[in-house]
Amino acid sequence: MQEGNKASLLCRGGARAGVCYPLRDGVTRVGRAPDNDAIIDGPETAMVSQYHCEIVREGEGFRVRDCKSRNGTWVDGERVEEAALGPKSVLRLGQQGPEFEIVLREGAPEPLGQTVEMAAATAAGVGIGSGTHDEMLSAAVHSARLKRAQGAGGQTMTIMREVLHEALRDIHRRNRTVRWVLVVALLVVTGAGIWKVVTMDGEKRAIDARILGLEAELQKAQQGTDQERLISQLSGYQEQAQALQRSLLYRLGPHDAEDFVTRELREVMAEFGAEVYSIPPDFVERVNHYIEQDRGPDRPNIVHALDQSGTGLATIRGILKGQQMPEDLAYIPIVESAMAEDVEESAAGAAGPWQMTAATARAYGLKVDGAVDERKDLVKSTAASCRYLKDLILDFGSGSSVMLALAAYNGGAGKVKQAVARTVKDPIQQRNFWYLYRTRALPVETSEYVPKVFAAILIGRNPKKFGF
């Protein structure tokens with residue numbers, strides 16, 4: 001290939017017919033991703049992968065290599081992994097995708113000193129700088145022919161470039177008014193969008209205020225009909241607020257940030273699959289209460305547990321991860337025993353870092369007898385507790401089942417189910433932790449246990465934030 005030859009990838013049809021993509025001296029990457037050398041975009045590129053193929057210059061020729069594209073690279077109707085591209089080869093990206101061919105333009109770019117100015121065309125008797133675009137193009141062709149007749153060959157592209165520049169200047173003048181109209185329209189649309197965002201934000205603030213009012217009424221309501229009515233209203237307002245949040249305009253606007261604890265609670269609950277629009281304020285208050293307790297009188301226990309983060313907690317998290325369980329459940333032993341393996345047996349007969357009863361431990365494969373108590377073995381007791389928690393989650397079903405499993409880990413699955421059966425008639429709501437929490441269907445000790453675990457989780461995830 002002669003020095004100075006330029007090669008391009010020419011689109012053969014469709015909306016981008018005639019568009020050329022310059023080919024590099026080495027490798028030219030082709031695809032839809034913005035970091036390709038030849039970016040293929042537009043409505044006809046559904047068959048084109050993010051990184052579809054590479055075109056490699058080899059001396060005077062080219063080769064194409066497929067980059068494991070989804071729909072394949074085709075040359076002359078055949079799918080190829082790698083193939084040579086001849087001067088008449090048809091390259092297609094996907095069997096039904098856009099078609100290309102390689103075109104060459106010989107010779108180096110003309111030196112600036114040889115440029116024929118438009119004044120030369122005018123001096124030759126042809127007026128190019130005026131009239132309609134068709135007249136300008138006709139005049140340019142006539143000028144190029146005249147120059148060739150005079151022996152000034154090779155100037156066609158220079159003349160045509162000047163015609164194009166003049167046409168663009170003409171378009172610029174004619175479209176100045178259109179641009180101003182577009183600017184005004186853009187300002188109007190932007191203003192309307194801002195007004196809509198402000199309006200939606202006000203609507204959501206009003207809904208949030210009503211939700212807080214209903215939450216306060218629920219804390220005071222007696223069990224029964226009043227609770228059902230309030231929860232029904234609360235669900236309706238939550239659906240309205242969530243619909244607003246899903247709006248694109250609402251997501252674009254600035255909004256008040258939640259406090260740190262509430263924001264962290266949402267993140268953990270999302271990981272647990274227990275997302276909820278409105279977290280009961282008294283639940284957040286109890287989490288804050290136990291955080292302050294952990295920073296105060298219970299601080300030595302938390303410090304002791306966190307000091308083991310390189311061994312004990314890491315071991316527990318690894319076992320939970322291996323069982324595809326939420327890793328933040330590793331903080332349960334902090335609440336149960338401060339991670340102490342030799343903690344004394346409780347009044348209920350629970351022992352070890354996970355505080356398992358002997359009956360539960362044996363049911364999940366641990367040895368508990370006069371000679372051996374595997375509840376005190378961190379690895380074995382964690383594996384058994386993991387299986388127990390998984391069974392609880394499966395038992396309580398989908399939705400907020402991790403939250404219910406936490407409640408049942410404290411009070412036992414049987415006691416939780418008995419408490420629910422006495423107060424809740426709807427089988428769907430029986431599996432909703434937040435319904436049970438708001439209606440106070442769970443035992444008090446269990447209702448307090450869940451926020452206590454969440455307090456330990458938040459401290460474990462953000463020890464510096466809470467002074468550890």
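## Pocket, cavities and sheet

The largest pocket of this predicted model is lined by 25 residues, and those that lie nearest its centre are K204, D208, E258, R266 and Y277. When the lining of the largest pocket is sorted by class, 11 of its residues are nonpolar, five are polar and nine are charged. The volume of the largest pocket is about 820 Å³.

Rolling a probe the size of a water molecule over the atoms shows where empty space is left. The model has two cavities of 30 Å³ or more, and the table sets them side by side.

| Space | Volume | Classes of lining residues |
|---|---|---|
| Largest cavity | about 60 Å³ | six nonpolar, two polar, three charged |
| Second largest cavity | about 30 Å³ | six nonpolar, two polar, one charged |

Around the largest cavity stand C11, R16, Y21, I40, D41, G42, P43, E44, T45, P98 and F100. The second largest cavity is lined by L9, L85, G86, S89, V90, L91, F100, E101 and I102, and the largest share of this lining, three residues, comes from strand β11 (residues 99–105). F100 belongs to the lining of the largest cavity and also to that of the second largest cavity.

Is I279 buried or exposed? With a relative accessible area of 9%, I279 is buried, because a residue counts as buried when this value is under 20%. I279 is placed in the loop between α7 (260–272) and α8 (281–295). Apart from its neighbours within four places in sequence, I279 is in contact with E215, T262, L265, R266, M269, V284, W434 and R438; of these, R266 is also one of the residues nearest the centre of the largest pocket. I279 and L212 are 67 residues apart in sequence, while their C-alpha atoms are 9.9 Å apart in space.

The sheet is the next topic. Strands of a sheet pair through backbone hydrogen bonds, either parallel or antiparallel. In this model, five strands form an open sheet with mixed pairing, in the order β4-β3-β5-β6-β9. Its edge strands are β4 (38–39) and β9 (82–85), each of which pairs on one side only. Strand β3 (residues 27–31) runs parallel to β4 and is joined to β4 by two bridges, and within this region V30 stands opposite A38 in β4.

A careful reader will also ask about confidence. The mean pLDDT of the protein is 80, and 79% of its residues reach 70 or more. Among the elements of the protein, α8 has the highest mean pLDDT (95), whereas helix α1 (residues 118–123) has the lowest (37). Over residues 107–130 the pLDDT stays under 50, although the model has 32 contacts beyond four places in sequence for this stretch. Residues 148–154 also have a pLDDT below 50, and the model gives this stretch five contacts beyond near neighbours in sequence. Where pLDDT is low, the predicted coordinates should not be read in detail.

Conventions: Residues numbered from 1 in each chain as written. Predicted model: local features only at pLDDT ≥ 70, side-chain atom pairs only at ≥ 80, totals over all residues. Heavy atoms only, no water. 1 Å grid on protein atoms, 1.4 Å probe; cavity = no way out; pocket = protein on both sides within 12 Å on 5 of 7 lines; lining within 4 Å. Points joined across faces, edges and corners; volume = space filled by probe spheres on them. Nonpolar A, V, L, I, M, F, W, Y, C, P; charged D, E, K, R; others polar. Helix = DSSP H or I, 4+ residues; strand = E, 2+ residues; numbered from the N terminus. Buried < 20%, exposed > 50% of the residue type's maximum accessible area, 1.4 Å probe, protein only. Contact = heavy atoms within 4.5 Å. Pairing = 2+ DSSP bridges. pLDDT = per-residue confidence, 0-100.
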